[in-house]
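Subject: Structure handover

Hi,

Here is the structure for your next look. My notes on its pocket and sheet follow below.

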Amino acid sequence: MKKLRNYDSAPGCSMEAALHILGGKWKGVILFHLFKDGTLRFSELQRHLVSINQRLLTKQLRELEEDGLVIRHVYPVVPPKVEYSLSDEGKELQHLIMELSLWGRKWLERRGMKTAIDEDLDALKEMFAKTEILDGLGE
């Protein structure tokens, strides 16, 4: 059985539970990159998240793993090799994370702002559309 993080008390509503699990500045960004790029090693995630320190990235990944959204695979090699991927439960968040990313991009554009890394909004939309088509085929 997976180890789950303790709540101080029962969540007041389902939204509170969802925000408790996804709360944290980097969790949504980590999930976004795992959706976009697939399985990633720790160092690859760190390259995508240039402003995060190693300790915080480790903490956020551990919490996502404890909550059942991310799978951590450790290979028994030297030097250590650790990969992170989305669990089935984590994959359920794809629609939400992609919509949030597209909304964030539009919000920035309305204010004449850009992200530090040049993202292709059309490529994001196309990737999102493909995943929705594939999801529809699985049902």
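**Largest pocket**

A pocket here is an open set of points on a 1 Å grid over the protein atoms alone, where a 1.4 Å probe fits, with protein on both sides within 12 Å along at least five of seven lines; lining residues have an atom within 4 Å of a point.

This is a predicted model: local features need pLDDT of at least 70, side-chain atom pairs count only at pLDDT 80 or more, and totals for chains, interfaces and linings use all residues. Residues are numbered from 1 along each chain as its sequence is written, and side-chain values use heavy atoms, without hydrogens and water.

The largest pocket holds about 950 Å³ of space (the space filled by probe spheres set on the points, which are joined across faces, edges and corners). H6 (94-110) gives the largest share of its lining, seven residues. Helices H1 (14-22), H2 (27-37), H6 and H7 (121-138) each supply at least two. Helices (H or I, at least four residues) and strands (E, at least two) are DSSP runs, numbered from the N terminus. The lining has 16 nonpolar, eight polar and six charged residues (charged: Asp, Glu, Lys, Arg; nonpolar: Ala, Val, Leu, Ile, Met, Phe, Trp, Tyr, Cys, Pro; polar: the others, Gly among them).

**Sheet**

Three strands form an open antiparallel sheet, ordered E1-E3-E2. Strands pair if DSSP finds at least two bridges between them. Six bridges join E2 to E3 (81-86). His-73 has Glu-83 in E3 as its bridge partner.

Best wishes
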